[in-house]
Amino acid sequence: MGSEDLYYDPYDVEIDADPYRVYRRLRDEAPLYYNERLDFWGLSRYGDVVAALKDLKRLTSTKGDILEVVKAAPVMPPGIFINEDPPLHTIHRVLVSRMFTPKKIKALEEKVRAFCAACLDPLVGEDRFDFVLDLGAELPMRTIGMLFGIPDAEQPSLRSTAQRALRNRPGEPLPVTREKYFDGGNYAEYVRWRADNLSDDIISELLTLEFTDLSGEVRRLTRQEVQIFVGVVAGAGVETTGRLFGWMGKVLAEHPDQRRELAADPTLIPRAVEELLRYEPPGPHVARHVTEDVEYHGRTVPAGSALLLMLSSANHDERQFPDPERFDIHRDLSQHVTFGHGAHFCLGAGLARLEGRIALEEVLRRWPDWEVDLSAARRAPTSTVRGWDSMPTLISRSA
């Protein structure tokens, strides 16, 4: 079998079901890969991906970080800070980072644990629950809803809005046009209501803080800028984090000895969550627009190209992680790239880790043994966020 039959397509449902064998071939045989049919380039090795994530001069985020968006090249409204480069990105990132300081994340622990208990306690005594429907679809939504000050009754709408934005038909790219891209309009009502009812939450803080913009003017954010900030944070905080829980149920069911170790010694849980994020990252890749010719492995990626950075492949690169296909809660973990690297490192990483740790602690406290019913599990129909819509779980009678 030669390199000529090597094919990678991020929308291919069969490849996506288990992409790691293809990733390994890409790293070994075509570390710079070109898909002629879909017209994109791809990097799969850890070192190349990290270098690309740090290369803000030749690889820009200003045309999006999703492959379909980069190729459509829509005009980005101000405020989509994940799709900005410095210095504008720096200004907007500083504003949002104030909401996710380590001190503020730590202060959320009690409330997040209470949300988690509210999800799980009604299920105690049952013989099954669902890691996604009962936990992954609920806990991130409630947490983000609390941070934004969105009323409980409106939070399911927040979740469905975040999910719709990242859903594509199986095997097809997201429908993106050059003329229309995300403007935060779905969050306008929340922002309008909160502007009239200021409180102690992120939306209120964003509406009232002052900053110095690129022109040197001291001003407040516009309503649209606030809407966009809310949409960006909600998409990552609800949809991406929510996918972590399906993998948690599946991977730990497949490694019962390690799961029992965690139940016996909860101090191992933070490292286990980190290994889970490496092993099955909910966000498998990000994309960049190439602003000038750039060379990798003796080949030139021309300016104007779309370049896919395969985070999942980088996390399984044996050049960085010994025996990378082995899930190991005791792994001396070098830095994975699930949350990115450098200037665009995910601002919500601390919150995602907090939710993952608390969820696993609370699940194991109630049910140290389980099996998943994969025959009834449902994959999420999206190539942007990889995971499950349902992960039904059978609870051991001895639990």
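Trainee: Where is the place of D39?

Mentor: D39 sits in the loop between β1 and β2. Before going further, the basis: this is a predicted model, in which local features need pLDDT of at least 70 and side-chain atom pairs count only at pLDDT 80 or more, while totals for chains, interfaces and linings use all residues. Residues are numbered from 1 along each chain as its sequence is written, and side-chain values use heavy atoms, with hydrogens and water left out. Element names follow DSSP runs numbered from the N terminus: helices are H or I runs of at least four residues, strands are E runs of at least two.

D39 is not a glycine, yet its phi is positive, at about 55 degrees. Most residues other than glycine have a negative phi. The relative accessible area of D39 is 40%, so D39 is partly exposed (buried means under 20% relative accessible area, exposed over 50%, partly exposed in between, with a 1.4 Å probe and protein chains only). H297 is another non-glycine residue with a positive phi, of about 50 degrees. H297 lies in the loop between β8 (294-296) and β9 (299-301), and with 41% relative accessibility H297 counts as partly exposed.

The turn with D39 belongs to a hairpin: four residues lie between β1 and β2. These two strands run antiparallel and are joined by four bridges (two strands pair if DSSP finds at least two bridges between them). Y34 is placed opposite W41 of β2.

Helix α2 leads from β1 to the helices. In α2, Y20, V22, Y23, R25, L26 and R27 are buried. They pack against α1 (13-17), β1, α15, β10 and α16.

Turning to α15, nine of its eleven residues are buried, which leaves this helix mostly covered. Among the buried ones are I269, V273, E274 and L277. The cover over the buried residues of α15 includes α2 (20-29), α13 (223-254), α14 (256-264), α16 (311-315) and α17.

The packing of α15 (residues 269-279) on α17 (residues 349-366) has an angle of about 115 degrees, with the axes 9 Å apart. Their crossing is right-handed (a crossing is left-handed if the near helix is turned anticlockwise from the far one by less than a right angle, right-handed if clockwise). From α15 the contact uses I269, P270, V273, E274 and L277; from α17 it uses R353, G356, R357, L360, E361 and L364. By class, this contact holds six nonpolar, one polar and four charged residues (Ala, Val, Leu, Ile, Met, Phe, Trp, Tyr, Cys and Pro count as nonpolar, Asp, Glu, Lys and Arg as charged, and the others, Gly among them, as polar).

One of the helices covering α15, α13, also meets α11 (residues 188-196). The axes of α11 and α13 come within 9 Å and cross at roughly 120 degrees, which makes α11 oblique to α13 (under 35 degrees counts as roughly parallel, over 145 as roughly antiparallel, 65 to 115 as roughly perpendicular, the rest as oblique). This crossing is right-handed. A188, V191, R192 and A195 of α11 meet R223, V226, Q227 and V230 of α13, a contact of five nonpolar, one polar and two charged residues.

Technical notes
Axes fitted to C-alpha atoms, helices over the stretch in contact; angles between N-to-C directions. Contact = heavy atoms within 4.5 Å.
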